[in-house]
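Subject: Structure to look at

Hi,

Here is the structure I promised to pass on. Have a look at it first, and then read my notes below.

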Amino acid sequence: MPLVPMKQILDEAIKADYGVGAFNVNNMEQIQGIMKAAKETASPVILQASRGALKYTNMVYIKHLVAAACEDNPDIPIALHLDHGNSLETCKMAIGLGFTSVMMDGSLKEDAKTPTTFDENVEVTKKVVEYAHAFGVTVEGELGTLGGIEDGVGSGKVRLTDPDEAVKFVEITGVDALALAIGTSHGAYKFKAEPKLAIDIVSEVSERLKNFPLVMHGSSSVPKELIDIINKYGGNMQKTMGVPIESIQQAIKRGIRKINVDTDGRLAMTGAIRKCLSEKLDVFDPREYFGKAREAVYEMVKGKMVAFGTTGHAGDYKPATLEDMKKVYEEK
Ligand code: G3H
Ligand code: 13P
Ligand code: ZN
């Protein structure tokens, strides 16, 4: 089936009360690992590409790799989403490439580091919504800032989302989904001990914005088993903690529908490749270690699809097209 607008995937998740993983992708093996998990568990899925991923893949490769995933998995609803778009121009570029969803991260300026004011965020996000909806493309906004800096994304300062502002932001901008800052951060080094997330913010916003999909960034769990594999086979990662799966499950119950995961995929692949190359010193066929990396991504993603309750929902609905969505937006 063709790529599906992300709005439909999230609205359906609200109806049947589950969460959908949004997995960052940069290469074929990641996409294949994720799609194997989606197919085996009949789960809808969101593939997301950051600006870094667009650069790494020279854009055209990501577009065609995702097209291959659609052709290979005709029964799975797949949305292709721009992660952390930093300007209207970047969002336009992604829409031109065929993305069915974009994130305008107006919580930060175009440098993706300096926090903006509420009004600046509203201004740029509103422009993206007007542009994207004319193509039937979904828009995710962000209010508040995450902690941590991952490859240049993030201010490093936490500013939790104010629920009053969140309600106002959604009403003024017309975004289809909103990322909340509830104490998570990007990357592997999130917490030193068991985290306490500001989960009440999720409840308050979803009680006020009825049936509106909320998004959690920085949702990798950074499993100790993956860190241990990396360190056992020559790596040197420090002790760290991510977001426990139980916290994500609680967040889903309260209204989080899109769960962003990048770091766990990186850890899974790195561990598998280190293990393979350390155990077999004569290996020089990349298919051996990339094949192991692909399996590791599959295992990790499958576990999350089960935990988020996504499994079995791929066939629940007739997939919408961007044309269908255009009409929905026109009628609003
Ligand atoms: O939000 C950040 C994601 O982990 C993307 O990271 O910009 O290195 O691709 P990246
Ligand atoms: P992690 O670094 O926790 O995987 O978060 C990824 C993310 O939020 C991408 O937008
Ligand atoms: Zn993010």
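**What I found**

Let me start with the second largest cavity, where H12 is the top contributor to the lining, giving three residues. Keep in mind throughout that this is a predicted model, so treat everything here as computed from it.

The structure has three cavities of 30 Å³ or more. If you want to find it on screen, select the residues that line it: Phe23, Asn24, Gln30, Ile34, Val261, Asp262, Gly265, Val297, Met300 and Val301. Strand S1 (20–24), helix H2 (28–41) and helix H12 (286–308) are the elements that each give two or more residues to that lining. Sorted by class, the lining has six nonpolar residues, three polar ones and one charged one.

Next, ligand 2. Which residues come nearest to it? There are 15 residues around this ligand, and the nearest are Asp83, Lys190, Ser220, Asp262 and Thr263. You have met Asp262 already, as one of the residues lining the second largest cavity.

Here are some polar contacts to look up, each ending on an oxygen atom of ligand 2:

- Lys190 has a polar side-chain atom 2.5 Å from a ligand oxygen.
- Asp262 uses a backbone N or O atom, at 2.6 Å.
- His186 places a polar side-chain atom 3.1 Å away.

On its own, ligand 2 has 310 Å² of accessible area, and the protein covers 97% of that. Strand S3 (78–85) and strand S10 (256–261) are the elements that give two or more residues to the shell around the ligand. By class, that shell has 11 polar residues, three charged and one nonpolar.

His186 also turns up at the zinc ion, which is ligand 3. What coordinates this zinc ion? The donors are His84 (NE2), His186 (NE2) and His217 (ND1), at 2.1 Å. Along the chain, their spacing reads H-x101-H-x30-H. His84 and His217 link distant parts of the chain, being 133 residues apart. His84 is in strand S3, while His217 is in the loop between strand S9 (214–216) and helix H9 (224–232).

Finally, have a look at the second largest pocket, with a volume of about 290 Å³. It is lined by 14 residues, and Ile229, Ala272, Lys275, Lys292 and Ala296 are the closest to its centre. Which element gives the most to this lining? That is H11, with six residues. H9, helix H11 (263–279) and H12 each supply at least two, and H12 is the helix from the cavity above.

Cheers

How values were computed
Residues numbered from 1 in each chain as written. Chains lettered and ligands numbered in written order. Predicted model: local features only at pLDDT ≥ 70, side-chain atom pairs only at ≥ 80, totals over all residues. Heavy atoms only, no water. 1 Å grid on protein atoms, 1.4 Å probe; cavity = no way out; pocket = protein on both sides within 12 Å on 5 of 7 lines; lining within 4 Å. Points joined across faces, edges and corners; volume = space filled by probe spheres on them. Helix = DSSP H or I, 4+ residues; strand = E, 2+ residues; numbered from the N terminus. Nonpolar A, V, L, I, M, F, W, Y, C, P; charged D, E, K, R; others polar. Near = heavy atom within 4 Å. Polar contact = N/O pair within 3.5 Å; in protein donor to acceptor, adjacent residues only side chain to side chain. Areas by Shrake-Rupley, 256 points an atom, 1.4 Å probe, with all protein chains shown as cover. Donors = N, O, S within 2.8 Å, 3.2 Å for Na, K, Ca; no water.
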